[in-house]
Amino acid sequence: MTFLLASLFLTNPVPLEMPRAEAYLVRADGQSRLEDRFSRLDLWTSRTVDGRWVDDEGRVFTLATLSVRPPAVAAEATVTREAYVASCVPVDRKKRVQVRDAIASLSPVALAERPSPPRQLPRGFADVDYWQGTNTSALVCAYLPEKADAWCLATWTLADGDDFEAARKVFEDEFLRKEARDIRTSAPRTTGGEAALLRADARHSVAAYANWRATDAAAYVILDDLPPTSPFVASLTNELPRLHAAYAATLPTPLDGTNVLCVARIYANRAEYLAALALEDRTNMAWSAAYWSPSRRELVAYLSPDGTAELLRTIRHEAFHQYLSYATAMLPTSPWLNEGYAQYFEDPDSTAWGVDADLSPEGLVRLADCLPHLFTLDSAAFYDGTDAERRLKYRLAWSVAVFLEKGAPDVRFAPFKDVTRDYVQALLATHDPHAATAAAFRSEENAKLFRTEWLRWWTAHARP
């Protein structure tokens with residue numbers, strides 16, 4: 001047998017997924033805010049599991065700290081982080097039934113009726129229990145370090161053909177005797193509002209991994225496993241708050257955002273990024289360099305060998321999707337605004353269409369005639385069609401954002417001054433993207449004027 005637990009543990013970390021969120025628009029005391037709620041079990045699992053490692057042959061090693069009892073099956077379906085923390089009940093480490101319940105919630109195999117002891121209790125431990133019984137596909141070991149307040153759990157799912165007794169010997173020699181007492185486990189968690197709790201949870205998702213770091217920025221926490229010499233995180237730490245302020249100034253929201261925190265997770269290479277895509281069931285996005293995960297509330301990207309300039313451009317795009325999701329309480333938004341402004345913020349100074357579009361006077365008239373249809377498209381229709389058709393729809397949406405920011409302020413009486421503000425407010429009131437678009441443009445006459453002024457401006461400024 002050639003595998004070693006130590007090499008698995010040290011070299012193959014898998015960042016822990018953030019729990020899936022459900023969005024609620026809450027109105028109270030004259031204020032509106034986005035409120036994220038989660039499955040109690042998801043919150044418990046994400047806060048109890050400290051680390052996971054996977055090797056190329058499919059062996060999975062997981063560490064957890066059993067400090068809080070798992071939620072009852074009949075518990076309230078979804079809760080905020082604050083409500084969950086307030087309701088947590090500690091595991092009494094002296095009560096084996098409570099410890100066993102926590103182990104059963106994480107074990108990859110059914111537990112034995114009673115645990116078995118190790119061949120010899122290692123020094124530094126008050127107790128060690130094996131719970132996998134006669135099952136030889138996984139090893140399930142709970143251990144209590146001396147003077148510890150909580151039991152810890154290590155599970156090791158083996159690969160086909162592994163010798164179980166040899167694996168158990170490796171586990172005891174390489175992990176229990178050498179590593180377990182020194183491994184960083186869960187520290188007492190932050191108390192406070194949703195943003196503070198989310199920041200602590202995001203940090204916990206990488207805390208057990210030596211090559212991952214967490215960096216705080218205003219309204220953001222950035223997680224990365226880039227080389228320590230990489231300047232990218234420093235650039236991103238400065239860029240994201242600046243972008244957030246620009247987004248908020250351009251598309252203001254009436255929501256109270258004090259409970260909101262954005263998570264950005266940056267992988268060092270494409271292989272790690274593709275693995276994250278697979279976990280999200282987004283393998284159809286293998287071409288991408290970054291994406292925004294609304295369910296996990298994460299912006300995910302990787303640093304390609306080509307450098308940081310293109311990635312920063314992509315992050316400006318995806319970070320806008322992230323901002324707009326929070327600004328509209330995760331409600332579906334019209335793609336003319338969502339994709340149009342995401343492209344605009346990639347390079348706010350550009351007026352280059354960059355697609356095979358006819359920008360002659362006649363061609364621009366035909367493009368202007370497409371605007372009324374563009375404003376009616378939902379996401380499914382917007383992303384449908386050939387690659388060339390999609391590219392043109394993207395750039396037509398971009399052209400709307402560029403005109404609103406650069407051309408519309410000069411139109412007499414400023415009839416389009418508040419289009420983005422009114423859209424966001426109407427969407428929050430109606431939950432209907434089509435109604436929000438109608439409210440943003442105010443009247444059919446104003447929409448016709450928009451086409452006229454769009455055409456006038458782009459006739460003077462369009463370039464390939």
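Arg168 lies over the face of Tyr130, 4.0 Å from the ring centre; a charge counts as sitting over a ring if NZ of Lys or CZ of Arg is within 6 Å of the ring centre and within 35 degrees of the ring normal. Arg37 is placed over the face of Tyr24 as well, at 3.8 Å from the ring centre. Bear in mind that this is a predicted model, where local features need pLDDT of at least 70 and side-chain atom pairs count only at pLDDT 80 or more, while totals for chains, interfaces and linings use all residues. Residues are numbered from 1 along each chain as its sequence is written, and side-chain values use heavy atoms, with hydrogens and water left out.

The largest nonpolar core holds 76 residues, and Ile315, Trp336, Phe450 and Trp454 have the most contacts within it. Such a core is a set of buried Ala, Val, Leu, Ile, Met, Phe, Trp, Tyr and Cys residues joined through side-chain atoms within 4.5 Å, where buried means under 20% relative accessible area, exposed over 50% and partly exposed in between (1.4 Å probe, protein chains only). Helix H9 (residues 309–327) gives the most to this core, nine residues; helices (H or I, at least four residues) and strands (E, at least two) are DSSP runs numbered from the N terminus. A second, separate core has 64 residues, among them Trp131 and Phe171.

Now for the aromatic rings. The model has 38 aromatic pairs, counting rings of Phe, Tyr and Trp (its six-membered ring) with centres within 6.5 Å; planes under 30 degrees apart are stacked, over 60 edge-to-face and the rest tilted. Trp353 and Trp454 make an edge-to-face pair, because their ring centres are 6.5 Å apart and their planes stand at 85°. Trp353 belongs to the loop between helix H10 (335–346) and helix H11 (361–369) and Trp454 to helix H17 (residues 444–461), so the pair ties together parts 101 residues apart in sequence. Trp353 counts as buried, at 0% relative accessibility, and Trp454 is buried at 0% too. One aromatic cluster includes Trp353, Trp454, Trp336 and Phe450.

Finally, look at strand S12 (residues 290–293). Ala290 and Trp292 on one side, and Tyr291 and Ser293 on the other, are all buried, so both faces are covered. S12 pairs with strand S13 (residues 298–302) in the antiparallel sense over four bridges; strands pair if DSSP finds at least two bridges between them. Tyr291 has Val300 of S13 as its bridge partner. The two strands, S12 and S13, form a hairpin with four residues between them, and Arg297 in the turn has a positive phi of about 60°.
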